[in-house]
Amino acid sequence: MAEVTYPKHQIGDSLVDYEEKVFEDVQAEPGEKALITFHTVAFEGSIGLVNMLQGKRLIRKGFETSILLYGPGVTLGIVRGFPKLGDEAFPGHQNFSAQLKAFMDEGGKVYACRFALQALYGHGEPSLQEGITPIAPQDVLDLVLLHRRDGAFILDTWTL
């Protein structure tokens, strides 16, 4: 039988070189924009949380950054909690709300599709987290096209 001869990993050990940066630190040119679209369900995977963090990084790099919640993505922006709204039922339960708030606090804009909010998920505009702008379903495509026209960086987030 094979014998493992390596010492057991200890708290504080590093398994990779986390200090080496391979690529230049890209910063936005004046006026550059970014858009992150979310067509993903809250709590169905990590992509929603990861790309919210990317949104904050884009703001810090100088991009005028917006988030679009459409389809199941609107579930990222609704107020939740248990037993009462705002309560954290389990650790991480409020991660999406906390990250969206932090994103908006740093100057990011968040938009949510009214059609998905009501027709798909049975919520109204009062269900949206403070600071999120509800938009008509026809505005979803136009928001993307406006960013494309402006030469923005667009990061599309999908969960299948």
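In what order do the 5 strands of the open sheet stand? The order is β4-β3-β2-β1-β5, and the pairing is parallel. Strands here are DSSP runs of type E with at least two residues, helices are H or I runs of at least four, and both are numbered from the N terminus. Two strands pair if DSSP finds at least two bridges between them.

Keep in mind that this is a predicted model, where local features need pLDDT of at least 70, side-chain atom pairs count only at pLDDT 80 or more, and totals for chains, interfaces and linings use all residues. Residues are numbered from 1 along each chain as its sequence is written, and side-chain values use heavy atoms, with hydrogens and water left out.

**The sheet and its helices**

Take β1 (residues 33-39) and β2 (residues 64-69): they pair in the parallel sense over 6 bridges, and F38 stands opposite L69 in β2.

Now for the helices. Helix α2 (residues 95-105) lies across β2 and β3 (109-113), at about 145° to β2. Helix α4 (residues 137-149) lies across β1, β2, β3, β4 and β5, and runs at about 145° to β1. For these angles, axes are lines fitted to C-alpha atoms (for helices over the stretch in contact), and angles run from 0 to 180 degrees between N-to-C directions; contact means heavy atoms within 4.5 Å.

**Salt bridges**

Side chains of opposite charge can pair when their charged atoms come close. A salt bridge is a side-chain nitrogen of Lys or Arg within 4 Å of a carboxyl oxygen of Asp or Glu, and by this rule the count comes to 6. Among them are these:

| Pair | N to O distance |
|---|---|
| D150 and K33 | 2.8 Å |
| E64 and K109 | 3.7 Å |
| R114 and E125 | 2.5 Å |

What does the first row join? D150 sits in the loop between α4 and β5 and K33 in strand β1, so the pair ties together parts that are 117 residues apart in sequence. E64 in strand β2 and K109 in strand β3 do likewise for parts 45 residues apart.

How covered are they? D150 is partly exposed at 41% relative accessible area, and K33 is partly exposed at 23%. Buried means under 20%, exposed over 50%, and partly exposed in between (1.4 Å probe, protein chains only).
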